[in-house]
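This report goes through one protein model. It takes the overall fold, then the sheet, then the charged side chains.

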Amino acid sequence: MELPLNGHTIASVEFGYSLALRTNHDYEVRIESSFQLDDDGADGFRGAPESMLTDNIDVRRLEGRLVASAHASDDGDLRIEFADCASLMVSFDPDFEAWTVVAPEGFKAVSVAGGGLSVWN
């Protein structure tokens, strides 16, 4: 399913034991499991969110990027493509909710533990 993030800009990046991306339209993408960030010409990132992400320049550079497309699979995988050809991928987690997308008007999509996707409008 296409997620309603196309054309949004990542306005802020928050670090901790999850990674929160907030857009200029007050949407939030929260990642709480391993993810992969690919960025041409950079090291990118592969691993789980942790407080040390603040030291990763490639993850910090997500701020200001324009979302070209965002897709959630029926299995609960998330893929975000940015206009500059960078991409962010989060696979579903066997034990935890890997990611959540929340919108101010009530939309919510969650990657279900063990695989699957739940969506509320």
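The sections below describe the predicted model shown above.

## Basis of the values

This is a predicted model in which local features need pLDDT of at least 70 and side-chain atom pairs count only at pLDDT 80 or more, while totals for chains, interfaces and linings use all residues. Residues are numbered from 1 along each chain as its sequence is written, and side-chain values use heavy atoms, with hydrogens and water left out.

## Overall fold

Helices are DSSP runs of H or I with at least four residues, strands are runs of E with at least two, and both are numbered from the N terminus. Read from that end, the order of elements is β-β-β-β-β-α-β-β-β-β-β-β. The radius of gyration is 13 Å, close to the 14 Å that the globule rule gives for 121 residues, so the protein is as compact as a globular protein of that length. Here the radius is taken over C-alpha atoms, and the rule is 2.2 Å times the number of residues to the power 0.38.

The C-alpha trace spans about 35 × 30 × 20 Å along its principal axes. The accessible surface is about 6000 Å², and carbon and sulfur atoms hold 47% of that area; areas come from the Shrake-Rupley method with a 1.4 Å probe, and for residues only the protein chains shown count as cover. Of the 121 residues, 43% count as buried. Buried means under 20% relative accessible area, exposed means over 50%, and partly exposed lies in between (1.4 Å probe, protein chains only). Among contacts with a separation of 6 or more, 41% come from residues 24 or more positions apart, a contact being heavy atoms within 4.5 Å.

An open sheet is built from five strands in the order 5-4-8-7-6, with antiparallel pairing. Two strands pair if DSSP finds at least two bridges between them. Strand 5 (45-47) and strand 6 (67-72) are at the edges, each with a single partner strand, so one side of each has no neighbour in the sheet. From one strand to the next, the twist averages 10°; axes are lines fitted to C-alpha atoms, for helices over the stretch in contact, and angles run from 0 to 180 degrees between N-to-C directions.

Strand 7 (residues 78-82) and strand 8 (residues 87-90) run antiparallel and are joined by four bridges. Glu81 has Ser87 of strand 8 as its bridge partner. The side chain of Glu81 also meets that of Arg79 in a salt bridge (2.5 Å, N to O). Arg79 is partly exposed at 37% relative accessible area, and Glu81 is partly exposed at 23%.

## Salt bridges

The whole structure contains nine salt bridges, each defined as a side-chain nitrogen of Lys or Arg within 4 Å of a carboxyl oxygen of Asp or Glu. In one of them, Arg22 and Glu28 have their closest N and O atoms 2.6 Å apart. Arg22 is partly exposed at 31% relative accessibility, whereas Glu28 is buried at 14%.

Arg65 and Asp84 form a salt bridge through their side chains (2.6 Å, N to O). Arg65 lies in the loop between helix 1 (57-60) and strand 6, and Asp84 in the loop between strand 7 and strand 8, so the pair ties together parts 19 residues apart in sequence. Arg65 is buried, with a relative accessible area of 5%, while Asp84 is partly exposed at 41%. Both belong to a salt-bridge network that links Asp39, Asp58, Arg61, Arg65 and Asp84.
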